[in-house]
Structures are given as structure tokens and as C-alpha cells.
Amino acid sequence: MAKVLLLDGFNLAFRSYYALPDLTRSDGVPTGALHGWVKTLWKLEDMERPDRIAVFFDEGGSDRHLQLLPEYKANRDEMPEPLRLQMDSIREITRLMGYPVISQRGVEADDLIASAARRLQGSPERIVVVSADKDLAQLVDEQTHQLLPAPTANPRLGWRRLDPDGVVKKFGVTAAQIPDYLALVGDTADNIAGIAGVGPKTAAKWINAYGGIDGVLENAAEISPPRFRQVLPDSGELLRRNLKLVRLKDDFEVPEFTVEPPNTGALADLLASMEMKHAALQAQERYGLGLR
């Protein structure tokens, strides 16, 4: 079966940046994230043998999320300056490898990935979403799997694949129930507050018992632990707003993407200009004259 990889660009770029030391060119230009990015894409090429790869990036804030929650992601630190300085080169390296770079101002990359995955549903391709973002687990089904990068804090865990059974094992709920789960527990990374005191195990127990947020609210009077029996009815508006925030929107226009032959000469030149001489030689060995 043919395979297409949908990459969460910023998620992987941040991991590339933090996975390696602060490498720089001789004039002080940072290059650590570039080293990590090239290694990551080549690792995916070798490990997955995909027929197509597309890389998705955020571009500005997410309009739909900010309309619902002006504080959305407001708790995040600014992108480290050394990483910001490398982002244009990360995008350019990706294009020179032959892979499309997809973004849309005001639309989160997760929603673009969801839209691409929906469009590919029913095609004769295995879809692999590459990201550590738990929101994207809601896309997992028999055709679509999620590939989690090795954690920077514990790289020995390696890359991990989530199929439908893997989602249940990791979260205690099905992929379709991930939005209900996140609505209850919240998402500190995105500054989304859940119900205070409701952790993953409690959320999974309620969802398995009552099916989702609607069922949980309808049965609040018998919820255990009893201390939540009054909290839940008072939290209905919060939970329904959270559902809108965490449920991916999959009806954005995503361009048709195809893989182009790598521009080996330009790629090797760019890598050499960053004093990534070994990577430049590897690119020439890997891609030859630009034919895969």
C-alpha cells in the first residue's frame, strides 16, 4: 500500500532544536535545528519509505481558536530566537528535498493536517500523521495512524506508532473520544482549562461509562467522585467551548501536493553554506543527480 506522511512542522522543528546542542556556523549563525531537521526527515524517509511527504506549518495565530478563547496559547513562551532564525532555512531545505510546505495564515497546522487527512480518506494510501501533539490522535483510524517522535527527554523510547488500539492503550478512550477527553482534562500547552481536579483516569472512566461530554453532563447527578456532581452542571458552557477548541476542523482547502525530485545541487549548496559539510555530502550520496 502506498504511504503518505503528513508532518507537523513546528512540532518537529522544536524537537529538532531541543534535541541537539547549540551548534553554530563559524560566524555565530545558529544551525542546531537545521542539523536536527535534516536528520529527522532522512530518518522518516528511511524508516517509513513514504511515497509522499507534506509538511504543514502554522502561520500566525489560529483565527477560529482566538475567537473562542482570546487567551489561546497565550501561556507559551516566544519561540527561541536561535530557532526563529533557522525557520526560513528549515522550510527551504524541505522544499529542496522535494516536499511541499503547506501553511495558511490564520489557520492552525493541525486543522490543515486534519483537512488533508479527510481528503485522503478512502484513497489507496496509508496516512501517517507525524507529531507528538495529542490533539492529532483524534484522526487515528484503520487508514490513518499517528507516529510519535522519540521524546527529547527520553530518546531511548524511540519512535512510537499509534493505531486505533494504541490510542485506547495510551489515553483510555477511542480516537473519536479524544476531543471529549481533552475537553474534560484541558490542555495546558494550549492554555485550555479543563475541570479542576479531573485527571486522565477520571476523564477516561466517565467517557467510557457515558460516551462523551453530553452523556457525562446528563448523568452528573450520579457521577463519582460525588464532589463533581454540582461542579459538572455548572461547567457545561466551559466543556462545550472546550470541545469546539480541541475538535479539529477538517474542511479547509488544502492544495493537492506532489513530491518533486530533490534539487540536489541547491540542497548541497545550502547545507554547505551553513557549514554542514557532512550533511551536504550525504545529500549528494542520497539523492545523486536528483533522482530518488
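Helices here are DSSP runs of H or I with at least four residues, strands are DSSP runs of E with at least two, and both are numbered from the N terminus. Before we set off, please note that this is a predicted model: local features need pLDDT of at least 70, side-chain atom pairs count only at pLDDT 80 or more, and totals for chains, interfaces and linings use all residues. Residues are numbered from 1 along each chain as its sequence is written, and side-chain values use heavy atoms, with hydrogens and water left out.

Let us start with a loop. Asn191 sits between β7 and β8 (192-193). Its phi is near 65 degrees, a positive value in a residue other than glycine. Because its relative accessible area is 29%, Asn191 is partly exposed; that term covers the range between buried, under 20%, and exposed, over 50%, using a 1.4 Å probe and protein chains only.

Asp187 counts as buried because its relative accessibility is 4%. Its side chain has a polar atom 3.1 Å from the backbone nitrogen of Ala189. Asp187 is also in contact with Lys134, Asp135 and Ile192, leaving aside neighbours within four places in sequence; contact means heavy atoms within 4.5 Å.

Helix α8 (residues 178-185) comes next, and seven of its eight residues are buried, so the helix is mostly covered. The buried residues are Ile178, Pro179, Asp180, Tyr181, Leu182, Ala183 and Leu184. What do they pack against? Their partners are α7 (164-171), β7 (186-187), α9 (200-210), α10 (213-218) and α12. After α8 comes Gly186, with a positive phi near 80 degrees.

The loop between α7 and α8 holds Gln177. At 14% relative accessibility, Gln177 counts as buried. Not counting residues up to four places away in sequence, Gln177 touches Ile207, Asn208 and Gly211. The C-alpha atoms of Gln177 and Asn208 are 9.1 Å apart, while 31 residues separate the two along the chain.

Now for a pair of helices. How do α2 (residues 32-48) and α5 (residues 87-96) pack? Their axes are 10 Å apart and the angle is about 30 degrees; axes are lines fitted to C-alpha atoms, for helices over the stretch in contact, and angles run from 0 to 180 degrees between N-to-C directions. That makes α2 roughly parallel to α5, since angles under 35 degrees count as roughly parallel, over 145 as roughly antiparallel, 65 to 115 as roughly perpendicular and the rest as oblique. The contact is made by Ala33, Leu34, Trp37, Val38 and Leu41 of α2, together with Ser89, Ile90, Ile93 and Thr94 of α5. By class, seven of these residues are nonpolar, two are polar and none is charged; Ala, Val, Leu, Ile, Met, Phe, Trp, Tyr, Cys and Pro count as nonpolar, Asp, Glu, Lys and Arg as charged, and the others, Gly among them, as polar.

With 32% relative accessibility, Asp250 counts as partly exposed. Asp250 touches Asp111, Ala114, Ser115 and Arg118, not counting residues up to four places away in sequence.

Our last stop is Glu108, in the loop between β3 (101-102) and α6 (109-120). At 6% relative accessibility, Glu108 counts as buried. Which residue's side chain joins that of Glu108 in a polar contact of 2.6 Å? The partner is Lys73; a polar contact is a pair of N or O atoms within 3.5 Å, where within protein one must be able to donate a hydrogen and the other to accept it, and residues adjacent in sequence count only if both atoms are side-chain atoms. Lys73 itself is found in the loop between α3 (63-68) and α4 (81-84), and its phi is positive, near 60 degrees.
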